[in-house]
Amino acid sequence: MQISIASGKGGTGKTMVAVNLAAAISQNHLPSIFFLDCDVEAPNAALFLHPHFNSSVVVNNLIPQIDEEKCNLCGLCVKNCQFNALVAAHSKILFFPDLCHSCGGCKLICPQGAITETPSRIGIIQSGSSDHISFFQGELDIGHPSPVGVIQQMFKLQQQIITKQQIRFLTLVDSPPGVSCPVVASAQGSDFIILVTEPTPFGLHDLRLAVQLMRDELHIPFGVVINKNDPQVKIIDDYCTEQNIPILQRIPFSRQIAEIYAKGQLLIEADPSYKSLFLVIWQNIQKIMDGKKL
Amino acid sequence: MKQIAILSGKGGSGKTSLSAALIDLIAQEYSLVMVDADVDASNLDLLISCKQQTRQDFWGGQKAVIDQEKCIQCGDCLKHCRFYAVRKTQTDPGSSTRFSIDPYLCEGCAVCAQQCPVSAISMHPTRDGAWYQSQSAYGMCFHAHLFAGHENSGKLVSTIISAARQYAQTNTIDLTLVDGPPGIGCPVIAVCNQSDLAVIVTEPTPSGIHDMKRILDTTRHFHIPAYVVINKSDLHLQNTEQIIKICQRDAIPVLGRIPFDPQFNQAVLHAQPITRYAASSPSSSAVREIWQKLKIQMHQ
């Protein structure tokens, strides 16, 4: 089973929920866990799970290299590039790597065979383990625009390991914020999505967008965790009741929790009484997947 | 005209709350336009109550569509697509295979259309969102909404920033303030491309520090002078000290510290900038001090 932890708004507590959930489940010797930190622009889960990394893989994009001897400046590659990454100048074709999507179209279309492809680094994936958790972290290089390639490569690496081991496991995916392509890349293929939100107008506004994505576009079952919950403020509760969305858990608004997080500690380790709070999320997801009502 | 970007790396560190408070203070001295560049999840208009004046569709990219009548099931499209967007399905064994495009994975590169031997694939422009010009009490605000699951957020950000700059030029506006998106990827790069200086909002947590370093590397990469604001600064004093040390080492001025203040959250609940909702709160005085220092930097 694969569960992605997402939100529309950033900073609602995705990583906090993901790392504590992973630790709580693994301490209870439930299924073995894969943890994928797919927030490759700002990966933070390792700061809390402290994995021991023992392997790293560089992620490359293929970019065109034009052999000026062979190129006769016909301009077909320029005309066909949908991303304006190639521009015809007087005596050569100019290439703008930031605009290239690595589709390989220019190489295929060049009648002179003047274009070859060469790898260009966009990021790195590190993997290792933290207690009983197999941990993967992607990191996008500074200045590179698109995280999607790194995210997809991470799932491929995990797939290779799974095929080798054939074990019963649970994959937890810490997604990036937002509702666009990097989130789709992290959520697609998941069996369930945990949407983490907070009871503010920002939280509600962005939760609606995330619900739209999961329910109307990707068609993946999901539930909500209300973080920084204030029992006086019911805007998320009311929305979820109206939309018939299950609430998996409420985590109280507390300076103590914020301080534990600021120290870089796991909530369930700083105060073991929080452990059951996270295990309830896992139990509720299992109930929903079994077709039961919460 | 100067353009100030509010960025953070980490989401939820207080970009929008700080933006709204700065907007309130700036508008008392200068004319300004505002841009909400978090097109995935735009929230600025919730704090500065905007009245929409114009709405325009955003046509960001294109998607491939296979004409099933013309398709000869050769599989060339599947072979050449690098984005796993071509799906091969077979309803039951023995029946014919069907090739189709997953619109969420299609990048719009048109390689499949170019390679298809029977021209069965065509490219169709996609409406990926909408953008708005709205009037607020503080000035004109440009904001946008990228449809859930759609692409080209960087292009949408560039579109609204260009529209804002054009408006600012025509109306001789002093300042453009951009409330940025989280992360360091394409929409952030689109903001960096056109900004004169960046205010980085961070918090004294391991994630806040880690992501501040990444966004500072990014602003350095694009040669944009950066300034740091530490939000929730009293949450963990050692981490706050560490942030100050990093900034000293890298010669990044720290403009100020905003204390952990429940009023900050209350201001959001009451849909107001903190400087309006609780003008005498410690966090409001902190933001006023930040603005005074930013003003000096701006004129240098």
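How many helices and strands does the secondary structure of chain B come to? In this predicted model, chain B has 11 helices and 11 strands. Its C-alpha trace spans about 75 × 45 × 35 Å along the principal axes. Chain B holds 300 residues, and 55% of them count as buried. Contacts in chain B with a separation of 6 or more were also examined. Of these, 76% join residues 24 or more positions apart.

Chain B also touches chain A. The contact involves 51 residues of chain A and 51 residues of chain B. On the chain A side, the elements that give two or more residues are α4 (105–109), α6 (181–187), α7 (201–218) and α9 (255–262). The largest share comes from α7(A), with nine residues. By class, this side of chain A has 23 nonpolar residues, 21 polar residues and seven charged residues.

Within chain A, strand β6 (residues 115–130) pairs with two strands, β3 and β7. Strand β3 (residues 52–66) of chain A runs antiparallel to β6(A), and 14 bridges link the two. Among the residues involved, Leu62(A) has Pro119(A) of β6(A) as its bridge partner. Strand β7 (residues 133–140) of chain A is also antiparallel to β6(A), with eight bridges between them. Here Ile124(A) is bridged to Glu139(A) of β7(A). β6(A) and β7(A) form a hairpin, with two residues between the strands. Asp131(A) lies in the turn and has a positive phi of about 50°. In a regular strand, side chains alternate between the two faces of the sheet.

Note on methods
Residues are numbered from 1 along each chain as its sequence is written. Chains are lettered from A and ligands numbered from 1 in the order in which they are written. This is a predicted model: local features need pLDDT of at least 70, side-chain atom pairs count only at pLDDT 80 or more; totals for chains, interfaces and linings use all residues. Two residues are in contact if their C-beta atoms, placed from the backbone, lie within 7 Å. Helices (H or I, at least four residues) and strands (E, at least two) are DSSP runs, numbered from the N terminus. Ala, Val, Leu, Ile, Met, Phe, Trp, Tyr, Cys and Pro count as nonpolar, Asp, Glu, Lys and Arg as charged, and the others, Gly among them, as polar. Two strands pair if DSSP finds at least two bridges between them. A residue is buried if 20 or more other C-beta atoms lie within 10 Å of its own, exposed if 12 or fewer, and partly exposed in between; C-beta atoms are placed from the backbone.
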